[in-house]
Amino acid sequence: MLELVPITDGIGTEVRGIDVSGPISDRDFDRIYQAWIDTTILLFRGQQMTPEQHIAFTRRFGEVYAYTRSQFNHDEHPEILILSNITRDGKPIGSAYSGRVWHSDGAYLTDPPVGSMLYAREVPPEGGDTWYGNMYAAYEALPPSVKERIEDLKVVISRVRSRPYNYPDRPAPTAQERAEWPDVTHPLVRVHEESGRKVLYAGGNVPWRIEGMSEDESAPLITFLQEFSIQPRFTYRHQWRAGDIVLWDNRSAMHRATYYDHVKHRRLMHRTTISGGRS
């Protein structure tokens with residue numbers, strides 16, 4: 001029997017009593033989907049999915065697509081991105097780590113993905129946790145004077161300048177990448193397309209700036225919003241178990257990966273990405 005249980009008072013819903021590889025009635029799925037929209041992340045524990053089942057389950061939430069790092073896509077199912085430190089024939093089968101600063105996926109895109117589903121197939125005995133933050137709650141808790149100040153502001157996001165923050169071990173962007181990665185602009189306060197609620201879209205510790213302001217003017221406000229939004233009352237640290245699935249709403253949640261000993265331990269995660277909500 002379907003049971004929806006709050007993960008914390010501030011974020012997330014654990015979905016119990018469901019086998020995601022089997023049939024889920026429309027009535028039950030509607031309740032699950034609404035919990036996702038309302039609480040920003042869903043957790044399913046003790047699940048077993050084939051890649052085909054993973055893709056099929058993701059499709060119930062929206063259109064599945066791949067937008068990054070095609071070299072780490074699943075060989076037979078390119079809709080799945082592999083996050084792993086495992087090697088095969090001397091080559092990594094996936095990205096060993098990514099996203100270790102607070103961020104919203106694809107913020108550097110004109111149309112960022114609406115969500116991602118991460119499935120834990122093999123996890124280390126310690127480390128490799130993922131933090132999630134509720135950006136509905138962060139916005140709603142802002143002082144009225146701050147809400148008024150930021151209501152109509154926009155942030156300018158540079159993928160080129162973000163590279164050394166997100167991936168300090170990777171080489172600087174090439175000339176071709178610089179040409180292909182133009183800056184993009186998003187509202188600092190977004191309105192969620194489905195819930196209609198306002199959401200803070202301040203990103204993580206990357207060099208964003210506010211349109212129409214210098215970086216020196218932008219920095220104090222952006223820093224305040226970023227630090228405000230990751231207070232404990234808005235966040236949850238998920239300690240992965242094999243068989244866990246976490247689905248996050250990229251429009252209303254930020255997340256951050258944490259360190260694990262990739263030399264000593266193995267990790268294998270499969271991720272799908274959603275480009276749009278249900279039609």
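Predicted model: local features only at pLDDT ≥ 70, side-chain atom pairs only at ≥ 80, totals over all residues.
Does Gly 62 count as buried or exposed, and what is its relative accessibility? At 8% relative accessibility, Gly 62 counts as buried, because buried here means under 20%. As for its place, Gly 62 sits in the loop that runs between helix 2 and strand 4. If you look for Gly 17, which is 45 residues away from Gly 62 along the chain, you will find that the C-alpha atoms of the two are separated by 22 Å.

Let me now step back to helix 2 itself, which covers residues 51-59 and whose buried residues are Pro 51, His 54, Ile 55, Phe 57 and Thr 58. When you look down the axis of helix 2, these buried residues fall within an arc of 165°, so they line one face of the helix.

In one of them, 3 strands form an open sheet in the order 15-9-17, with antiparallel pairing. Strand 15 (235-238) and strand 17 (253-257) stand at its edges with a single partner strand each, so one side of each is left without a neighbour in the sheet. From one strand to the next, the twist averages 20°. Strand 9, residues 130-134, is joined to strand 17 by 5 bridges, and Asn 134 has Ala 253 in strand 17 as its bridge partner.

The other sheet is also open and antiparallel, with 3 strands in the order 11-10-14. Here strand 11 (184-187) and strand 14 (209-210) are at the edges, and each has a single partner strand, so one side of each lacks a neighbour in the sheet. Strand 10, residues 154-157, is linked to strand 14 by 2 bridges, and Val 156 is paired in this way with Arg 209.

Finally, the whole chain, which has 7 helices and 18 strands. For 279 residues, a compact globule would have a radius of gyration near 19 Å, and the protein chain, at 19 Å, agrees with that. Buried residues make up 53% of the 279 residues, and of the contacts with a separation of 6 or more, 79% are between residues 24 or more positions apart.

How values were computed:
Residues numbered from 1 in each chain as written. Heavy atoms only, no water. Pairing = 2+ DSSP bridges. Helix = DSSP H or I, 4+ residues; strand = E, 2+ residues; numbered from the N terminus. Buried < 20%, exposed > 50% of the residue type's maximum accessible area, 1.4 Å probe, protein only. Arc of directions from axis to C-beta. Axes fitted to C-alpha atoms, helices over the stretch in contact; angles between N-to-C directions. Rg over C-alpha atoms; globule rule 2.2 N^0.38 Å. Contact = heavy atoms within 4.5 Å.
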